[in-house]
Amino acid sequence: MNSEQTPGLYIHIPFCLSKCPYCDFYSSTSLSPLPLFLDALFIEMAMHRNDFNSFDTIYIGGGTPSLLSAQQLESILVRIRENFDLIWNAEITIETNPADLNQSSLESMRGTGINRVNIGIQSFDQEVLRFLGRRHSVQQAILAIEASRKTGFHNIGLDLIYGIPGQTIHSWIDTLEQAVAFAPEHLSCYQLTLETATPLGKRYYAGEFSILGEDLQYEFFMKTSQFLEEAGYTHYEVSNFARETRYTSRHNQKYWDHSPYLGLGPGAHSFQHNRRWWNHRSVDQYIAAVNAANLPVEETETLTMEQLRLEALYLGLRTKKGVNFEDFQNRYQYDLFTEKKKMLGKLQEEGLISIQGGHLYPTPTGLAIADSLSLI
Ligand code: SF4
């Protein structure tokens, strides 16, 4: 097992103080089950102590993990260490809402060993934050970033959303300029997607507003990439940028290269060998299953070599690292270069991929349409 295959641990905190109207993730705004949820989480951890020994990344996501009290957060980290080994320099990330961050909460986070803080800024435009129904303001976002630095976090990630109805490239670039002024180590830029079941999705499908057309989406994507690359960031995955290679998300890399990971909490996904499984999404169902001494697993799938191969290609083409033909053959028993020579040649002519030194890379245009590149 090489270092890239050391497992990662994901902890899902399925609670939010308010529901953002564009969000399709399962989360509860009632915090009353929180103590019972934590008890169940600790039991679930113990259930896996024999099949996962050590981790080199922990990602506490949600939901909104930053709504946990300092004691609750600390108890999670204590229990993780009781049940599993952590590699000495493990990357330990927490997702946060700017409204929850202040000197005191950040110091508590650092005290537990968390060394990477991901802040859901979304925009530096108050109008955009209002449209997205976020519970934080631009001012709180700025204070949160400043407090994170002041507390001593050396690995700060900012999440941003673009493609808001009516947003111009100029106003989006203004948000990017404000973001890079803080020199965050990591930036994630997601395009707004509107799912039918969400309040914002319903308003869209009712014709209340329109979203960016395909040409404009492409332009936003390319301008984002160009702006951040010029600002010194590497565009290393479709939506992700890092100031240096060491600041790429080690945890997310595991999802992209079929490394094993254990997901604990409602709706969390896990992957080991060629098996993937995921937990019940509902907090009540999750707690009930664990309290009945059962793994709270909703479903398990065993992937065939063919499925793994297609997934690896799909995921590889979403990253700057691309796909190494030899590694691919060793791992998935498939000579991609020979078997798909004609198709690869065509994609190369179209400027979507490049092939160099036994490696397949997506070009910037290829990254922009990475979802359809998997069709090869
Ligand atoms: S805070 Fe995050 S998880 Fe919670 S509703 Fe908003 S977008 Fe969804």
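Start the tour by selecting Gln 333: at 60% relative accessibility, Gln 333 counts as exposed. (Exposed is over 50% relative accessible area, buried is under 20% and partly exposed is in between, with a 1.4 Å probe and protein chains only.) The model is a predicted one, so local features need pLDDT of at least 70 and side-chain atom pairs count only at pLDDT 80 or more, while totals for chains, interfaces and linings use all residues. Residues are numbered from 1 along each chain as its sequence is written, and side-chain values use heavy atoms, with hydrogens and water left out.

Gln 333 sits in the loop between α12 and α13. (Helices are DSSP runs of H or I with at least four residues, strands are runs of E with at least two, and both are numbered from the N terminus.)

Now jump to Gln 122, where phi is near 70 degrees, again positive in a residue other than glycine. Gln 122 belongs to strand β4 (residues 116-122) and, at 7% relative accessibility, counts as buried. Next, select Gly 62 and Gly 63: the peptide bond from Gly 62 to Gly 63 is cis, with omega near 20 degrees. You'll find Gly 63 in the loop between β2 and α2. For background, most residues other than glycine have a negative phi, and most peptide bonds are trans.

**Helix α12**

Back to the neighbourhood of the opening stop. Select residues 325-332, which make up helix α12, and colour Phe 325, Phe 328 and Tyr 332, which are buried. These three cover an arc of only 60 degrees around the axis, which puts them on the same side of α12. (The arc is taken from the directions from the helix axis to the C-beta atoms.) What does the face turned away from the buried side of α12 carry? There you'll see the exposed residues Glu 326 and Asn 330. The buried residues of α12 pack against several elements, among them α11 (305-316), α14 (341-349) and β15 (359-362). (Contact here means heavy atoms within 4.5 Å.)

**Helix α2**

Select residues 70-83 for helix α2, which has 14 residues and reaches 20 Å from its first C-alpha to its last, close to the 20 Å expected at 1.5 Å a residue. (The expected span is 1.5 Å times one less than the number of residues.) Show side chains for Leu 73, Ile 76, Leu 77, Ile 80 and Asn 83, the buried residues of α2. They cover an arc of only 135 degrees around the axis, which puts them on the same side of α2. Their packing partners are β1, α1, β2, β3 (85-96) and α3 (103-111).

**The cores**

Which residues have the most contacts inside the largest nonpolar core? Select Phe 37 and Leu 41: they hold that place in a core of 69 residues. (A nonpolar core is a set of buried Ala, Val, Leu, Ile, Met, Phe, Trp, Tyr and Cys residues joined through side-chain atoms within 4.5 Å.) Helix α1 gives the most to this core, with 7 residues. Leaving aside neighbours within four places in sequence, Leu 41 is in contact with Ile 11, Ile 76, Leu 264, Gly 265 and Tyr 286. For the second, separate core, of 18 residues, select Tyr 261, Leu 303, Leu 308 and Ile 353, which it includes.

**Aromatic rings**

A search of the whole structure finds 16 aromatic pairs. (Rings of Phe, Tyr and Trp, the last by its six-membered ring, pair if their centres lie within 6.5 Å; planes under 30 degrees apart count as stacked, over 60 as edge-to-face and the rest as tilted.) Select Tyr 10 and Tyr 59: their ring centres are 6.1 Å apart and their planes at 25 degrees, so the pair is stacked. This pair links distant parts of the chain, with Tyr 10 in strand β1 (residues 8-13) and Tyr 59 in strand β2 (residues 54-62), 49 residues apart. Tyr 10 is buried at 13% relative accessible area, and Tyr 59 is buried at 8%.

Phe 15 and Phe 37 come next, an edge-to-face pair at 5.6 Å centre to centre with 70 degrees between the planes. Phe 15 lies in the loop between β1 and α1 (34-47) and Phe 37 in helix α1, so the pair ties together parts 22 residues apart in sequence. Phe 15 is buried, with a relative accessible area of 0%, and Phe 37 counts as buried at 0%.

Then select Phe 131, Tyr 204, Tyr 205 and Phe 209, which form one aromatic cluster.

**Last stops: charges over rings**

Select Arg 110 and Phe 153: the charged end of Arg 110 sits over the ring of Phe 153, 5.8 Å from its centre. (A charge sits over a ring if NZ of Lys or CZ of Arg is within 6 Å of the ring centre and within 35 degrees of the ring normal.) Finish at Arg 309, whose charged end sits over the ring of Tyr 334, 3.7 Å from its centre.

Technical notes. Arc of directions from axis to C-beta.
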